[in-house]
Amino acid sequence: MTDDYLARIGQLIRDARQHRGWTQSQLAEALGTSQSAVNRIERGNQNISLEMIARISEALDSEIVSLGYSGPMHLRVVGGRRLSGSIDVKTSKNACVALLCASLLNSGRTVLRRVARIEEVYRILEVLSSIGVRTRWINGGADLEIVPPAELDLDSIDEEAARRTRSIIMFLGPLLHRMDRFRIPYAGGCDLGTRTVEPHMSALRHFGLAVTATEGIYHAEVEAGVAPKRPIVLTERGDTVTENALLAAARHDGVTVIRNASSNYMVQDLCFFLEQLGVRIEGIGSTTLTVHGVPVIDTDVDYSPSEDPVEAMSLVAAAVVTESELTVCRVPAEFMEIELAVLEEMGLDFDRSAEYAADNGRTRLTDLTVRPSKLEAPIDKIHPMPFPGLNIDNVPFFAAIAASAQGKTLIHDWVYDNRAIYLTDLNRLGGRLQLLDPHRVLVEGPTRWRAAEMMCPPALRPAVVVLLAMLAAEGTSVLRNVYVINRGYEDLAERLNEVGAQIETFRDI
């Protein structure tokens, strides 16, 4: 940036800070930097990145610089480099968004530690702020404080933000306890084909919720006095469906039994959080949950969500496809066991450290050191199952891993209508993937990856798989419009660079 632009941006930052009534020291604390650095920025004497401008804008709740005309974010990847060292797994995206929705149950102050700073979280925060919930980053931007108002202003909901995240569907469970009638926009998120919300409606009808959908809006009405008279049997063992049922049961003044419940990592994190709110839950980790709800929740709570097993799988896959020795730290052991068993069968050479407790005191973590290995295609097909089976979101990473193995691997991604189709984007990078039908892909390896320029797939996990293949491909690749990756990963490019990758973020100006 030129000195003139730096000075003008510094003036905008100073005006926004003063408008909020903050000192330079307060802004520095929110950013995790020093007061002298803020002073230099405001005087135009320090270079400042787009990422830092975005963080300052968020901290001050002010759009410092509009990027609307600069176009989407892209990645330039110089591949063929070995990774080395160690990298920590961040907290779970899916747990964090569930806990943000769960904070609506509590009239007190909620503090969530080490919240993933990702687009999916930002969209939920925008929605919460628009309806009157006060949210702010504390402790140098590491943790998040949430304080709800006495009355929510649902009429002012940020519809644009809500439509960009599927997690908005999990507002139904908490809101049915707060008002008799409300409306929220249709759920959005990844392009993964038709994903019915009927299992959510079926579960929440037991609590008196009736929903009609018109012109992109869910219109909800709650019939007073309706309560579950028998166990709720979920029509699918889905994660968000189970979470919505839990959120509804948490403030039901009675006992709710939920059967065919998911026992996946984000559901367990939500259960641990609800227990800190005073809700007693039996059967955590099983498919039958018994919830002893409390009608009023007004407590100050401090909770640390656990690490993300899907991000852990991403990082393990990065080491595999680049033939690197890499230590992935803070891996949720319980939620990676099937994946590691399959990788071991394929011939992956890795070590596991002794297990230790996550910050929530409940989840078991381990450190994995992955070494270059000659892989063989597995005998059986790769397919997901509800926990404790192979994680649905980890299936795409096996496409890149199978492409690095000798032989043919059948991947059956039966859950989503069209996610498997996006995996064939690896063919642009030298892969040999044959789409057998919308759910099955035959992968032949090993692959000699080659550089390419391409658009990012519109689904999160396939998008990251393409990025990992680019890391392995000799030469320079370009991945365009990576918003979908930023939905689920915090600073992924920067963190991979710290262990030896060469990824540059840029925009078309």
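So, secondary structure to begin with: the protein chain in this predicted model has 18 helices and 23 strands. Those are DSSP runs numbered from the N terminus, H or I of at least four residues for helices and E of at least two for strands. On the ground rules, residues are numbered from 1 along each chain as its sequence is written. As it's a predicted model, local features need pLDDT of at least 70 and side-chain atom pairs count only at pLDDT 80 or more, while totals for chains, interfaces and linings use all residues, and side-chain values use heavy atoms, with hydrogens and water left out.

Okay, overall shape. A compact globule of 509 residues would have a radius of gyration near 23 Å, and the protein chain agrees, at 23 Å; that's over C-alpha atoms, with the globule rule being 2.2 Å times the number of residues to the power 0.38. Along the principal axes, the C-alpha atoms fill a box of roughly 65 × 60 × 50 Å.

How much of the chain is buried? Of the 509 residues, 55% are, where buried means under 20% relative accessible area, exposed over 50% and partly exposed in between, with a 1.4 Å probe and protein chains only. Then contacts, meaning heavy atoms within 4.5 Å: among those with a separation of 6 or more, 73% join residues 24 or more positions apart.

Now the rings. The whole structure gives three aromatic pairs. Phe, Tyr and Trp rings (for Trp, the six-membered one) pair if their centres lie within 6.5 Å, and planes under 30 degrees apart are stacked, over 60 edge-to-face, the rest tilted. Take Y265 and F335: edge-to-face, 6.0 Å centre to centre, with 65° between the planes. Y265 sits in helix 11 (residues 265-276) and F335 in the loop between strand 14 (326-332) and helix 13 (337-346), so to speak distant parts of the chain, 70 residues apart. Both Y265 and F335 are buried.

Another edge-to-face pair is F273 with Y303, at 5.8 Å between centres and 70° between planes. F273 is in helix 11 and Y303 in strand 13 (residues 301-303), so this pair ties together parts 30 residues apart in sequence. F273 and Y303 are buried too. And ring pairs link Y265, F335 and F387 into a cluster.

Last stop, E323, in the loop between helix 12 (309-321) and strand 14. Buried or partly exposed? E323 counts as partly exposed, because its relative accessibility is 47%. Leaving aside neighbours within four places in sequence, E323 contacts R82 and P372.
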